[in-house]
Amino acid sequence: MQLSLAQVVRQQLNGGRKITCQLLGVVLEESTPEELLEHAVVRPTVVDVLLEIAKGCDLYLIARVLDDDSEEKVISALDAVGVFTIGGMNRNKVLFCSTETGRSSFVRQLEPDWHIDTSAEIISQLARFIRYQLHISPVGSGYIASNVFGSDSLERYFGGIDTAEAVLCKHI
């Protein structure tokens, strides 16, 4: 019997209800704030998982940006894939900062059950404060802490597309 995406998401979150997630490199195709100056595009492969998390959790999305226009591009990209309509996410839960330290501060203040990020440094800094973390990295990062899991993409961790190639293992 195969689990639905909603069941897989609930299972992988292990009871976590409040989630913070970096947008750059996780949800968006862009990986730097400089790229957002030109455009913002939600990765098509992450949409179903993102919508499922938004429906079932208190989700906060965080992006480091350089200007107000970049913020508008991010909001428009999220709106275009239905995060606010289908996923039911509140637009006020898309947070913007200008530094990596700002992102880390947002996460600590929100006190999520899970944080998802591409920065090994931020993941490492937050490991003692956040119950669970998911480090998204194409090459893996080695062991960071016992509460840090790793995957090369959000959708693979949650068993979205390409589940046969999923990286569901904990960093060892």
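**Asking how we know**

Tutor: Let's begin with the surface: the protein chain has an accessible surface of about 8300 Å², and 48% of that belongs to carbon and sulfur atoms. Accessible areas come from the Shrake-Rupley method with a 1.4 Å probe, and for residues only the protein chains shown count as cover. This is a predicted model, where local features need pLDDT of at least 70 and side-chain atom pairs count only at pLDDT 80 or more, while totals for chains, interfaces and linings use all residues. Residues are numbered from 1 along each chain as its sequence is written, and side-chain values use heavy atoms, with hydrogens and water left out.

Student: What makes the radius of gyration of the protein chain agree with a compact globule?

Tutor: The rule is 2.2 Å times the number of residues to the power 0.38, with the radius taken over C-alpha atoms. For 172 residues a compact globule would have a radius near 16 Å, and the protein chain has 15 Å, so the two agree. Along its principal axes, the C-alpha trace spans about 45 × 35 × 25 Å.

Student: How many helices and strands does the protein chain have?

Tutor: There are seven helices and six strands. Helices (H or I, at least four residues) and strands (E, at least two) are DSSP runs, numbered from the N terminus. In sequence order the pattern reads α-β-α-α-β-α-β-α-β-α-β-β-α.

Student: Why is Ala54 called buried?

Tutor: Buried means under 20% relative accessible area, exposed means over 50%, and partly exposed lies in between (1.4 Å probe, protein chains only). Ala54 has 8% relative accessibility, so it counts as buried. Ala54 sits in helix 3, and seven of the ten residues of this helix (47-56) are buried. Among them are Val47, Leu50 and Ile53.

Student: Which residues does Ala54 touch, not counting those up to four places away in sequence?

Tutor: Ala54 touches Leu59, Gly87 and Met89, where a contact means heavy atoms within 4.5 Å. Ala54 and Gly87 are 33 residues apart along the chain, and their C-alpha atoms are separated by 5.1 Å. The buried residues of helix 3 pack against several elements, including helix 1 (5-13) and strand 2 (58-64). Over the protein chain, 53% of the contacts between residues at least 6 apart in sequence join residues at least 24 apart.

Student: Is Asn147 buried or exposed, and why?

Tutor: Its relative accessibility is 13%, so Asn147 counts as buried. Asn147 lies in the loop between strand 5 (132-136) and strand 6 (148-151).

Student: How do you know that the side chain of Asn147 makes a polar contact with the backbone oxygen of Ala127?

Tutor: A polar contact is a pair of N or O atoms within 3.5 Å; within protein, one must be able to donate a hydrogen and the other to accept it, and residues adjacent in sequence count only if both atoms are side-chain atoms. Here a polar atom of the Asn147 side chain lies 2.8 Å from the backbone oxygen of Ala127.

Student: Why is Asn14 called partly exposed, and why is Glu111 called exposed?

Tutor: Asn14 has a relative accessible area of 42%, which makes Asn14 partly exposed. Glu111 has 63% relative accessibility, so Glu111 counts as exposed. Asn14 has a positive phi of about 50° although it is not a glycine, and Glu111 also has a positive phi of about 50° without being a glycine.
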